Amino acid sequence: MSFDADAVRADFPVLDRRVNGHPLTYLDNAATTHTPRQVYDVFEEFYAGYNANIHRGIHELSHEASLAYEEAHDRVADFLGADGREEVVFTKNTTESINLVAYGLSQHLGEGDEIVATEMDHHATLVTWQQIAKRTGATVRHIPVTADGHLDMDAARDLVTDDTAVVSAPHVSNVLGTINPVGDLAALAHDHDAYAVVDGAQSAPTRPVDVGDMDADFFAFSGHKLAGPTGIGGLYGKREILEELDPFLFGGEMIRNVTLTDSTWNELPWKFEAGTPPIAEGIALGAAVDYLEELGMDAVRDHENELAQYLLRELADREFVRTYGPGVGEERTGLVSFNVEGVHGHDLSSLLNDRGIAIRAGDHCTQPLHDRLDIPGSARASFYVYNTRADVDRLLDVVDTARDDLDAYLASDRYHDLVSEHYHHPRNSGALTDPTFVKSSEETTCGDDGEFHVTIADGRIEEIAFESRSCAVSRAVASLLSEHLDGMPVEEVADLDGYVTSKLDGQYPDLRRECVEGPEDVIREAAREYVQKNSA
């Protein structure tokens with residue numbers, strides 16, 4: 001290992017805190033990494049020393065702020081292998097970067113054009129291209145994911161044709177850990193005169209990136225995933241393309257000249273940075289890439305991979321655990337998504353939280369990918385420069401006992417007795433043969449997967465049942481609701497508001513509020529849809 005993770009931890013004071021009486025073990029880095037003091041000290045330096053707006057003042061503070069902000073662009077450009085600051089636009093995050101590209105390219109799309117994305121896309125790209133296609137008449141097609149978690153490149157070569165205008169793909173999957181051949185995809189796109197767009201949210205923080213070498217036309221990333229602050233991210237774009245692209249936002253610094261009838265745009269990258277930008281955040285982003293460069297991105301990649309491979313090997317020995325994505329010994333990034341038999345990810349996350357361990361559970365903003373895997377969600381442990389094998393071992397200790405610990409967790413005084421009762425003895429579980437309607441859970445951020453089956457007769461619920469692959473708490477609540485709603489007028493169900501929280505007397509952890517309230521939201525919405533449809 002090229003650096004000492006225990007020594008690196010000293011740069012991150014948040015890791016000294018305790019959660020539920022235990023030392024914090026932070027394994028949710030694919031969502032957001034922590035920020036070292038070398039980065040967040042920049043905020044005090046800026047606000048205490050030279051806080052001023054940039055490019056607008058003929059005074060010392062404005063000059064100093066402008067230079068620092070411009071130099072941050074230079075440092076990020078070097079970090080990515082870009083040809084200068086003109087090719088790096090600061091945005092809020094990856095999502096805004098993708099939207100900026102999509103808006104600009106949409107001006108050149110129409111019916112007959114195709115956008116090729118992937119089945120493993122994050123919602124930030126998936127939904128964006130969906131909406132652009134609806135507005136322009138273009139069609140979105142998707143490169144499938146193979147059983148072993150890779151993009152099907154044979155299918156990609158069939159999908160990308162002369163009708164393709166855009167090829168968009170994640171460099172690294174935020175669920176599978178797969179490292180995609182974005183250079184090959186860019187070459188394929190260019191062979192058909194299409195643009196190549198890369199979602200680099202998971203790659204820029206974790207491995208060396210050279211946008212020139214991959215030959216992507218656009219590369220988007222977020223600061224908060226690479227030891228930087230929230231509210232700042234970036235977009236790399238080839239200079240000649242950015243010159244031709246229409247701005248996404250108007251006003252302020254992006255303008256060169258304005259009359260009452262027309263305007264001209266500023267030079268790159270300011271053309272795409274309208275209004276007062278996140279100045280302190282941008283300067284701190286420059287400090288973040290400096291910090292990572294000092295560690296060495298090769299070393300960051302190798303450290304993450306070593307931890308991921310260790311966790312994969314350990315989980316492979318546990319028959320009650322299923323992992324997703326490339327297997328032991330295959331190239332991947334430093335995250336592992338998995339499920340423990342009989343324990344939903346939310347329940348596992350709660351058990352881990354009791355021990356001060358933070359992971360992510362749900363669909364990770366990749367609902368179609370989880371549908372492809374035929375699972376409602378997954379637990380995800382993701383590593384960064386400050387994680388160690390000891391962190392993995394703490395995770396494994398809870399994984400090993402989770403199935404036995406779940407009963408005690410639900411029966412503890414943090415939950416009302418009804419939760420454990422309905423979990424162990426569910427009412428109305430199953431499906432109805434000929435229901436009046438079926439309403440599925442659509443809590444896409446939740447990772448729950450369930451549905452209510454309802455038969456209506458004379459305006460009342462004659463029969464109700466539920467099927468669920470949701471967490472234990474949501475399943476218990478669905479059972480509690482089904483028992484209460486049986487025989488109730490459907491109009492009363494449509495007005496349901498807070499029954500579950502009242503029945504449980506508020507006795508549940510606030511961390512599980514969505515799990516408690518979700519089923520009631522679903523059945524209320526279904527009843528309202530039914531009443532509205534039948535009163536029209």
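This report describes selected strands, helices and loops of a predicted model.

An open sheet of 7 strands is arranged in the order 4-10-9-8-7-5-6, and its pairing is mixed. Strand 4 and strand 6 take the edge positions, where each has a single partner strand, so one side of each is left without a neighbour in the sheet. On average, and with direction ignored, neighbouring strands of this sheet are turned by 20° against each other.

Within this sheet, strand 9 and strand 10 are joined by 5 bridges in the antiparallel sense, and S222 stands opposite G233 of strand 10. A227 is buried, with a relative accessible area of 0%.

## Helix 7 and its packing

Helix 7 (residues 182–191) lies across strand 6, strand 7 and strand 8, and runs at about 155° to strand 8. The buried residues of this helix are V182, L185, A186, L188 and A189. Viewed down the axis of helix 7, these buried residues fall within an arc of 160°, so they line one face of the helix.

After helix 7 comes D193, which has a positive phi near 60°.

At the start of the helix, a side-chain oxygen of N93 comes to within 3.3 Å of the backbone nitrogen of T95.

Helix 4 is mostly covered, since 10 of its 13 residues are buried; among them are T94, E96, S97, I98 and L100. The buried residues of helix 4 pack against strand 4 (88–91), helix 5 (123–136), strand 7 (164–170), strand 8 (195–199), strand 9 and strand 10.

## Strand 14 between two partners

Strand 14 (residues 335–340) is also mostly covered, with 6 of its 6 residues buried. In a regular strand the side chains alternate between the two faces of the sheet. In strand 14 both faces are covered, with L335, S337 and N339 buried on one side and V336, F338 and V340 buried on the other.

Strand 14 pairs with strand 13 (residues 321–324) in the antiparallel sense over 4 bridges, and F338 of strand 14 is the bridge partner of T323. Strand 14 is also joined by 4 bridges to strand 17 (residues 378–382), and these two strands likewise run antiparallel. In this second pairing, V336 stands opposite A381 of strand 17.

## N29 and its surroundings

N29 is placed in the loop between strand 3 (25–26) and helix 2 (37–49), where it counts as buried at 4% relative accessibility. A polar atom of the N29 side chain lies 3.4 Å from the backbone oxygen of Y26, and a polar atom of that side chain lies 2.8 Å from the backbone oxygen of S382. With neighbours within four places in sequence left aside, N29 is in contact with H34, S382, F383, Y384, Y386 and N387.

The peptide bond from L268 to P269 is cis, with omega near 0°, and P269 belongs to the loop between strand 12 (263–265) and helix 10 (279–295). C365, a residue other than glycine, has a positive phi near 60°. C365 lies in the loop between strand 16 (360–362) and helix 13 (367–373) and counts as partly exposed, at 31% relative accessibility.

Helix 19 (residues 513–535) has 23 residues and reaches 33 Å from its first C-alpha to its last, close to the 33 Å expected at 1.5 Å a residue. The buried residues of helix 19 include C515, V516, G518, P519, E520 and R524.

How values were computed
Residues are numbered from 1 along each chain as its sequence is written. This is a predicted model: local features need pLDDT of at least 70, side-chain atom pairs count only at pLDDT 80 or more; totals for chains, interfaces and linings use all residues. Side-chain values use heavy atoms; hydrogens and water are left out. Buried means under 20% relative accessible area, exposed over 50%, partly exposed in between (1.4 Å probe, protein chains only). Contact means heavy atoms within 4.5 Å. A polar contact is a pair of N or O atoms within 3.5 Å; within protein, one must be able to donate a hydrogen and the other to accept it, and residues adjacent in sequence count only if both atoms are side-chain atoms. Two strands pair if DSSP finds at least two bridges between them. The arc is that of the directions from the helix axis to the C-beta atoms. Axes are lines fitted to C-alpha atoms, for helices over the stretch in contact, and angles run from 0 to 180 degrees between N-to-C directions. The expected span of a helix is 1.5 Å times one less than its number of residues.
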